[in-house]
Amino acid sequence: MTTTELVQPRSGILGRGALSRPASFWFIGGVYALFLMASTAPSPMYSIYQQRWHFTTTVLTEVFAVYAVLILLALVLFGSLSDHIGRRPVLLTGLVLEIASMLVLAIAPSVGWLLVGRALQGLATGIATSAISGALLDFQRPGTNRGSLINGVAAGLGMALGSLLAGALVQFVPGPTLTSYLLLILGFLLAIPGVLLMPEPVTRRSALREVLRPQRPTVPAGKGATFALMATTLLASWIVGGMFMSLGPSVAKGLVSGNPYLVGGLAVAALAGFGGFAQLLLGGWEARRAVRVGAPLMLAGLAGVAAAALGQGAVVFFVGSAVLGTGWGLVFMGGFRMLTGLAAPEHRAGTAALIYVVAYLSASVPSVALGFLSTAYGLTAATLVFTATAAVLVTVAALSTFARH
């Protein structure tokens, strides 16, 4: 089957009002940014939830982990689904589930409901993620890497905006645990007509038994060495992302006395925002070059975060976070590009699912371990363990780019 056969838009209900392929490309990038905005929006609210329901830092990291675990489950079970039934129905399902999760989080009366809302959000994001990644590759201009680039940029800037805007809303607007979710619900509702109007790039439909069979994400045959390289870069970058999304706001709040919720949002925004801009500005770099430049920046940023935890202050923390985020964006971009470049057109969503299985495992497992460390030994000790572990993984990722493949 040729690429043309796979990405040829269908007619029918789309009619003349359908979005063009270039417009669909940018629209899908915006939808992905919206999903990632929703993923970090709760971060500035976690301290409010802790004060309200009196749970430990371990429970806090479990709230983050349940989101990541459900993403993994969705990717394993449904990661290739849009390759079989089309991008649009899978995206619509993800949007509906995401709206439901926002409603649960908005009205949550206890930490149990918070766990349910995050689990439902993880399921929705996992279902949508591989379909979005596949659609970006379908709609990108032929002969370019723009799909992979926008995937990374939308993720970084989406996470940054979600955390920053939620922090500002929590700090200055009434209804701190309600307003952000209602605005996100409005955004997801507005995205539904756009999905209905975009062309369907997947024209082949699989038999029902094939669609219902769990699709295990696998690396393309004969590409194990490249996958091993990609896995080390994702492990290094996403352990940092997991820590900042779960414990980053708590670390930042301990360093600054005023506007604590806005400061908590800035912690995630500094990392993800600089990571997104780094990918946007340096998206033309070759993958190995991106990792080799990004890794030293990550090491310098980790040193800054560790120094801040030892008493060097908020300025050192935020400068370190910005440098760390720049390196984080480059390292993730390099790893993501290596694997998506291996994907056959008919397996694009399945390959994207594999990338995110590695990424969210790298984010969730260490963050829970850090939660236990923080509860037992304090936030400073957990931060130092995190920075040391991440530094070792970053070094391994950088060295692996010099190995022969």
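This is a short tour of the structure, stop by stop, for use with the viewer open. The model is a predicted one.

**Whole chain**

Start with everything selected. The protein chain has 17 helices and zero strands. Of its 405 residues, 57% are buried. Now think about which parts touch. Among contacts with a separation of 6 or more, 86% join residues 24 or more positions apart.

**Stop 1: Ser43**

Select residues 21-40 and 46-53, which are helices H2 and H3. Ser43 sits in the loop between them. Is Ser43 buried or exposed? Its relative accessible area is 3%, so Ser43 is buried, the cut-off being under 20%. Which residues is Ser43 in contact with, leaving aside neighbours within four places in sequence? Show Met245, Pro249 and Val268 to see them.

**Stop 2: a nonpolar patch**

Move to Leu73, Val76, Leu77 and Phe78. Together they make a nonpolar surface patch of about 280 Å². Pick out Leu77, which belongs to helix H4 (residues 57-78). Its relative accessibility is 31%, so Leu77 counts as partly exposed: that class runs between 20% and 50%.

**Stop 3: helix H7**

Select residues 111-139. This is helix H7, with 29 residues. Now colour H7 by burial. Of its 29 residues, 22 are buried, so H7 is largely enclosed by the rest of the structure.

**Stop 4: helix H17**

Finish with residues 379-400, helix H17. How far apart are its end C-alpha atoms? They are 31 Å apart, which agrees with the 32 Å that 22 residues should span at 1.5 Å a residue.

Next, show the buried residues of H17: Ala382, Thr383, Phe386, Thr387, Ala390, Val394, Ala397, Ala398 and Ser400. They cover an arc of only 150 degrees around the axis, which puts them on the same side of H17. The numbering has a reason behind it. An α-helix has 3.6 residues a turn, so residues three or four places apart point the same way.

Then turn the helix over. The face of H17 away from the buried side carries Val392 and Leu399, and both are exposed.

Definitions and conventions
Residues are numbered from 1 along each chain as its sequence is written. This is a predicted model: local features need pLDDT of at least 70, side-chain atom pairs count only at pLDDT 80 or more; totals for chains, interfaces and linings use all residues. Side-chain values use heavy atoms; hydrogens and water are left out. Helices (H or I, at least four residues) and strands (E, at least two) are DSSP runs, numbered from the N terminus. Buried means under 20% relative accessible area, exposed over 50%, partly exposed in between (1.4 Å probe, protein chains only). Contact means heavy atoms within 4.5 Å. The expected span of a helix is 1.5 Å times one less than its number of residues. The arc is that of the directions from the helix axis to the C-beta atoms. Patches are made of residues with over 30% relative accessible area and no salt bridge: like charges are joined within 9 Å, nonpolar side chains (Val, Leu, Ile, Met, Phe, Trp, Tyr) within 5 Å. Accessible areas come from the Shrake-Rupley method with a 1.4 Å probe; for residues, only the protein chains shown count as cover. A salt bridge is a side-chain nitrogen of Lys or Arg within 4 Å of a carboxyl oxygen of Asp or Glu.
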